[in-house]
Amino acid sequence: MSLFRLDASILPATSASRALADLVEEQWTAAHPDAGVVRRDLAADPISATTWQNTVTGGFTPQGDRTPAQNEAIALRTALADELVNAEALLFAVPLYNYGVSQHFKTWFDVAHTDPRIDPQGTALRGKPATLVTVLGGNYSPGSPKDGWDHSTPWLRRVLEDVWGLDLRVVQRPFTLVGVNPALDAFSDVAAELKAEAETGARRSGRELAEARGGRPAA
Ligand SMILES: Cc1cc2nc3c(=O)[nH]c(=O)nc-3n(C[C@H](O)[C@H](O)[C@H](O)COP(=O)(O)O)c2cc1C
């Protein structure tokens, strides 16, 4: 039994979502040094859209009639679902891309979601403690010019919290492109505050995941 951690940043060397997820993980590991962390890196090991198609069509096909590609896709689906079902706590680190959800994450979700333990009839994930760390280059907060343009965070919440039934914490860090894109230099102070808030939230959620397991939280 362990923490399952998924990363979806396509730029891992400079990833803000990874840095925040590291803070969550640190708290888990400090409280449960022997529990282990199972990792899935969707940038290093992406799941193809064809896999999803083969998982769905394979599910409609009697076992003996499935193509090799359908069997392979269903085996991967089972492995993805095993990672979720076997973990005691879940950690997802998912950036905003092109105003929507990471396509790496979406495909991973779609494939895992076909497992009968997980889809809406399944109950294996209900109540499982989880943290979603999400980062946005810009800022889409209420009243901002692009309020409502973040179509990733609401979808992620919907599927993880309402569809899978996870006991979800959300840590969001907007304005990660401040300091990278000079056009955003005027927002340096607010971006620094938002970063500090997100880091505090990440540590807190890591402690909560550790406590949900019944362990000793880190100081
Ligand atoms: C291809 C691409 C598309 C992006 N699209 C958006 C976007 O639509 N809105 C936004 O606010 N930031 C966007 N960003 C910025 C990322 O959300 C931001 O850099 C974030 O920190 C990336 O996550 P990471 O630091 O974990 O890699 C985009 C970045 C990339 C590389």
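What is the mean pLDDT of the chain, and what percentage of its residues reach 70 or more? In this predicted model, local features need pLDDT of at least 70 and side-chain atom pairs count only at pLDDT 80 or more, while totals for chains, interfaces and linings use all residues. Residues are numbered from 1 along each chain as its sequence is written. The mean pLDDT (the predictor's confidence in each residue, from 0 to 100) is 95, and 96% of the residues reach 70 or more. Over residues 215-219, however, pLDDT stays under 50.

The ligand is surrounded by 17 residues, of which the closest are Ser9, Ser17, Pro95, Gly137 and Gly138; a residue is counted here if its C-beta atom, placed from the backbone, lies within 6 Å of the molecule. Two or more residues of this shell come from each of α1 (16-31) and β3 (89-97), helices being DSSP runs of H or I with at least four residues and strands runs of E with at least two, numbered from the N terminus.

Helix α1 also packs against helix α6 (residues 188-212), at an angle of about 35° and with the axes 8 Å apart. Axes are lines fitted to C-alpha atoms, for helices over the stretch in contact, and angles run from 0 to 180 degrees between N-to-C directions.

Pro154 lies in helix α5 (residues 153-163). Between the C-alpha atoms of Pro154 and Gly100, 54 residues apart in sequence, the distance is 9.7 Å.

Notes:
Two residues are in contact if their C-beta atoms, placed from the backbone, lie within 7 Å.
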